[in-house]
Amino acid sequence: MNRIKLIQLFSATLIFTLSFWSVNAQEKTVSGNDMLLKETIYDENRVKVLNFSLKEFDALFFEFFEKKSNPNIVLTKEEFYTYTIQIAVFSDRLAALYPDQKEIAAESKKKWFAENYKDYLVLKASQKK
């Protein structure tokens, strides 16, 4: 009986350790400077973006994707994060307008906050090839 409990404990510990490693391996690291820049942009734009109409948000969203997909345009780090953070902030507005969609809005906000300038530069380099 003691052996079974020991094996179960070992198995549970092993599963937990392996799942932690896989989750940790997927986590993207953001430099402290990037996080500080994101927080600054968030603070500067929060009130403005929360007052955006859907039409203003759509214009911002499509402008970002046009610039992102244009191989002749490379956004600066500040420009890139301004777009992504403003899109993330708009998720807060959607959560307030549609309370039943709070979970989806939170996931969207998290996704946009996780955008990384280095990944964007890699995308841009691949567009030019």
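Predicted model: local features only at pLDDT ≥ 70, side-chain atom pairs only at ≥ 80, totals over all residues.
## Helices α3 and α4

Let's start with a pair of helices. Helix α3 covers residues 54–69, and helix α4 covers residues 77–97. The crossing of the two helices is left-handed.

On the α3 side, the contact is made by Leu54, Phe57, Leu60, Phe61, Glu63, Phe64 and Lys67. Helix α4 brings Phe80, Tyr83, Thr84, Gln86, Ile87 and Phe90. Sorted by class, this contact has nine nonpolar residues, together with two polar and two charged ones.

The structure holds four salt bridges. One of them joins the side chains of Asp34 and Lys77, with N and O 2.8 Å apart. This pair links distant parts of the chain, as Asp34 sits in helix α2 (residues 32–50) and Lys77 in helix α4, 43 residues apart. Asp34 is buried, at 5% relative accessible area, whereas Lys77 is partly exposed, at 33%.

## Salt bridges between Glu and Lys

Glu63 and Lys67 also form a salt bridge, and their closest N and O atoms are 3.5 Å apart. Because they are four residues apart in helix α3, about one helical turn separates them. Both are partly exposed: Glu63 has a relative accessible area of 36%, and Lys67 has 27%.

Another salt bridge pairs Glu115 with Lys111, where the closest N and O atoms are 3.9 Å apart. Here Glu115 counts as buried, with 18% relative accessibility, while Lys111 is partly exposed, at 45%.

Technical notes. Residues numbered from 1 in each chain as written. Heavy atoms only, no water. Axes fitted to C-alpha atoms, helices over the stretch in contact; angles between N-to-C directions. Left-handed = near helix turned anticlockwise from the far one by under 90°. Contact = heavy atoms within 4.5 Å. Nonpolar A, V, L, I, M, F, W, Y, C, P; charged D, E, K, R; others polar. Buried < 20%, exposed > 50% of the residue type's maximum accessible area, 1.4 Å probe, protein only.
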